[in-house]
Amino acid sequence: MNKLATAINEAAELSSEMSMQKMGSNLLAKLTTNFFFIKEGIYNLDSNKVAVTLTVTDPLEDYDANQMFTKANGNHVATALKNTIINTIELFRQHPHPPNNMFFIIAIQNFGREISFLIEEKFQFPILVINLESLSVISTLEQDEVLRLYKYVINKENFKTKVDLVYFDELDLFFFYRSQGYQFRLPLDSEKAALFLRTNTGLPLKQEAFLHSRVHVVPSRYTNATIEVSSVYLNSLIPIFFCNVPKEVQNEYFGFAVEVTSSRWIWVVPKKALNNEYEMKYYYLVIDMLTYWIWQVASLLKDIEQLPYETINVEVNLKAIEEWEQVPINYDEECTPFYITGGFKNIICLDIDKSFTTLLSRADNLGEKQIMMHLLQGMADMFEREGIILDRALLLDGLNKVMFPLEKKKIILTNPGLSELTPIGTLPPFRPVQPEDENFLLMEISNFVNEKFVPSESLTEKENLLNEIVGFLFQNLEKETALFEPSTLINTLVMYNDSAVKKRMTLDLNAPAFMACFPEEDYAFKQIEKETKELNQASVAIRFLIEYAAASPKKGSRNFTLESLDRLIAIASRIISLGQESDLIRYKLGEVDIIIDNGVFSTRANKFADIYNGFHNMIIRGNVHQRIAGFKYNWIDSEDDITEDESTDVQFNAGFVKEFGLSYIEFLQLAGLLLELSIQKEVPIVCEPVEKLKLVAQDKYGVADAVFNQFIALMSLSMRSSFINPGTPFQKYDVWPWRFNRELSYLRRPIILQDGFIIFSYNHLYNSLYYFFNLIVNGTFKAKSLEMKQYISKLVNETGNKFNQKVEQYIKTDRDLIVKSQVKKIGKQKISGEKGELGDIDVMIINPNKQIIWLVECKDLNRASTPFEIHHELCKLFVDSEKDSCIVTKHKRRADWFEKNLQIVLSNNQIQINNLEVWKVRPLIVISKSMISPYLFNSPIKVISFEELVEMEF
């Protein structure tokens, strides 16, 4: 029995280990316990805490197969667990650098009978007792959320002080917690309450986890063996699976399987055991690609049922893999880096040479198509050896069909062609805003508001209350950031921001191929939409934290932790959202309801929120389509000749010098110097002395000290006496994180200046340079010098003229229309009113068949994203001011003039007039991109985007 009990415990330990790894905790050490039915593992949890798993199975010491409905000796198990926990705590106390906190997870696996016990000893550390199946379910649904279970237990213990809990299984309570948005909600003013959960309350989680992972047993690549697998894509429509094994043995068991029919599988595996993460990276990419395309052509392989074996094994050998990242981009059309070698029975050996990477640098999927052609030929040869003839022409024709469109690429390298991403260094996983921390913060806000809140419909009082809450949160932010050692705080924030930047760049790069590969049921777009919203919320919050930390005086000495990061991100995110809602009220863009429900504070932006959410989804979809249209520009072999005009624009350079105090060339040299430094050091975050870099810049480019100092002053954030009041030459709104285009934003100033050192990250610096120049190009840069203002004005006019021409050229494709542009007068009569000329008509369209004259005003405007910008966008389009009329009013005056002078207009365009009254004049405003303002304002003139114009009939 001991041997059986030990085997069961070892298997349970494996399951426990896999669950922890799914949630982002890596095994640090295995400890030997004094009990064969308890296995102990130490896992990373945070920089100051560890997770300790105690996997418990039935000792089977008094097991009697003839006795039904018996229980294991719970007292013995409880005593063993208590002693193990005490020993572990003592072991860590003796460690030179003990963790501040430990989180014990007691994972139980029954075997034919129940194990129930009670640990009466009270420990200072949180403990979770959970059965192994429930742990597996939670880890499947909460992948990479390393602190989720820890926060759950902390919240549960707090909840238990207010509520008597009655539940059968931990999964039931976790379902309740998760369904409430990762919180235990209880009215603030309630007395002691009770919560009773029925058995199997958590069943929906088991069902959801199964649909995600579809864990089941399939035929292994080894004869007469089976293995447990999980879904690769967490999508029941995609029958591609991977082996369920811990990280420690992944190198031996790595491989993907495609379910071709209910009884036949194709395994794609490495030919040899993998040695390191570098090899794993490339084998993963290639095997993922091959299994995807095998799935796509699976309908052509139905004859696999006739084969005498359950699986086909494709063994992949990546030759000279250590050189794959050094292969020069020098594509040869005759290159054939694929070989089908050896092979017998159900095995196909596929050798892939390093020159395959040159094919991956193309904008199309030629490389993937060629490798699949070779693989399908190899499969056809295997079938023929068994007397089954496949139609090879039909196979290749089917492959061509599923591999259209050409941007349907499965392998997108980290650094393809002209991509801005660099694979230097190691970054932590992207960290979205955590719901537990948002909820806890909301309770703190509720306590603060309940002391002050008086129901009121006054907009001023609502705005004042929101501003008071923002002030309260700023106090919390100041108090909590002051606890941490400044350099650790800054470096951690910069690291996590760079992780967010890299994730966004990767998402943008991958989106076109992802959409092409997974069009079913809008699966790809929903995933992109979800990730984009998470990125937007977290990125703005982290950048604000960096701005705040860089400006604040250094104080604390504590090390910064992931738990602290989550807390600060939640505070920053709430400051931003409340600031935006305050601006909604201030600029009268919509009503904001302040709700106190059972003592819990919340806000609702009513109509604006509904319109904005729908509009935002439309923008995300539009951005994806833009990425699809520009996909080829990320690759070396793009057919369009992409060249930049390197000749110095005299006006631009003069404006640049006047505005920034150094030349455009000097600016690029210094920015390039920092990017090169990051690549040379092979680290994502660079921290270097200013004086050292000054000497490097002087030696390499002859840059004077004054020029270098000016560059740093222009591009850096540094400590100041007050964050809220930045002082001249800045404005107070330059520090408001809910505003866009701020001079003191981390986007504008991607370098941190601290104690004579500069701190920056490659990805963010690169991204910020693009953002910086884009502000100038699109005309939104707030120039101070006359020279730069004149240059930007020239750019805006040129861009506007190009958009006018674009609209005109599109409309001219309809030959039944009379189209004229830049119409300043009709015949000799100017388009004018009482106060002078009314301006020209950008595009005039006459449809003689329908008796309609369209007057099109073309506006190349920048899209607003914050309430402040939306307010100005709305005013520019629809609201007259004392100084000037809005775009709609000006265009309506022109339309009125055409109504009064209709006969002159038609006569001058050689149109015979039978009945003047049937003719209609219709003004139209066409904007270069979709904007939210037309959805918020009932305009007398229709305002549409160019995309909507394309769908319109004149």
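This is a predicted model: local features need pLDDT of at least 70, side-chain atom pairs count only at pLDDT 80 or more; totals for chains, interfaces and linings use all residues.
Reader: Can we look at one? Which residue forms a salt bridge with Glu-436?
Author: That's Arg-148, and the closest N and O atoms of the two are 2.7 Å apart. Look at where they sit, too: Glu-436 belongs to helix α12 (residues 435-450) and Arg-148 to helix α4 (residues 148-160), so the pair links distant parts of the chain, 288 residues apart.

Reader: Is Glu-436 buried or exposed?
Author: Glu-436 has a relative accessible area of 4%, so it is buried, as the cut-off is under 20%. Arg-148 counts as buried as well, at 5% relative accessibility.

Reader: And which residue does Arg-178 pair with?
Author: Arg-178 forms a salt bridge with Glu-208, and here the closest N and O atoms are 3.1 Å apart. This pair also links distant parts of the chain: Arg-178 is in helix α5 (residues 170-179), while Glu-208 is in helix α6 (residues 203-213), 30 residues along. Glu-208 is partly exposed, with a relative accessible area of 28%.

Reader: Okay, on to the nonpolar side chains. How many residues does the largest nonpolar core have?
Author: It has 185 residues, and the ones with the most contacts inside it are Leu-149, Leu-290, Val-316, Ile-352 and Phe-356. Helix α15 (residues 523-551) gives the most to this core, with 14 residues. Another core, of 40 residues, lies apart from it, and among its members are Leu-674, Ile-712, Leu-765 and Tyr-771.

Reader: Can you zoom in on Leu-290? What does it touch?
Author: Not counting residues up to four places away in sequence, Leu-290 touches Val-268, Val-316, Leu-350, Ile-371, Met-372 and Leu-375.

Reader: What about rings? How do I describe a pair of them?
Author: You give the distance of the centres and the angle of the planes. A search of the whole structure finds 58 aromatic pairs. One of them is Phe-35 with Phe-37, a tilted pair with 5.9 Å centre to centre and 50 degrees between the planes. Phe-35 and Phe-37 are both buried.

Reader: And how are Phe-740 and Tyr-771 arranged?
Author: They form an edge-to-face pair, 5.9 Å centre to centre, with 85 degrees between the planes. Phe-740 lies in the loop between β19 (716-718) and β20 (751-754) and Tyr-771 in helix α22 (residues 762-777), so the pair ties together parts that are 31 residues apart in sequence. Phe-740 counts as partly exposed, at 34% relative accessibility, whereas Tyr-771 counts as buried, at 12%.

Reader: Where is Asn-741 found?
Author: Asn-741 is in the loop between β19 and β20, and it is buried, with a relative accessible area of 8%. A polar atom of its side chain lies 2.6 Å from the backbone oxygen of Thr-780. Leaving aside neighbours within four places in sequence, Asn-741 is in contact with residues including Tyr-771, Leu-775 and Phe-781.

Reader: Last one: which ring does the charged end of Lys-806 sit over?
Author: The ring of Phe-946, at 4.4 Å from its centre. Elsewhere, Lys-410 lies over the face of Tyr-292, at 5.8 Å from the ring centre.

How values were computed
Residues are numbered from 1 along each chain as its sequence is written. Side-chain values use heavy atoms; hydrogens and water are left out. A salt bridge is a side-chain nitrogen of Lys or Arg within 4 Å of a carboxyl oxygen of Asp or Glu. Helices (H or I, at least four residues) and strands (E, at least two) are DSSP runs, numbered from the N terminus. Buried means under 20% relative accessible area, exposed over 50%, partly exposed in between (1.4 Å probe, protein chains only). A nonpolar core is a set of buried Ala, Val, Leu, Ile, Met, Phe, Trp, Tyr and Cys residues joined through side-chain atoms within 4.5 Å. Contact means heavy atoms within 4.5 Å. Rings of Phe, Tyr and Trp (its six-membered ring) pair if their centres lie within 6.5 Å; planes under 30 degrees apart count as stacked, over 60 as edge-to-face and the rest as tilted. A charge sits over a ring if NZ of Lys or CZ of Arg is within 6 Å of the ring centre and within 35 degrees of the ring normal. A polar contact is a pair of N or O atoms within 3.5 Å; within protein, one must be able to donate a hydrogen and the other to accept it, and residues adjacent in sequence count only if both atoms are side-chain atoms.
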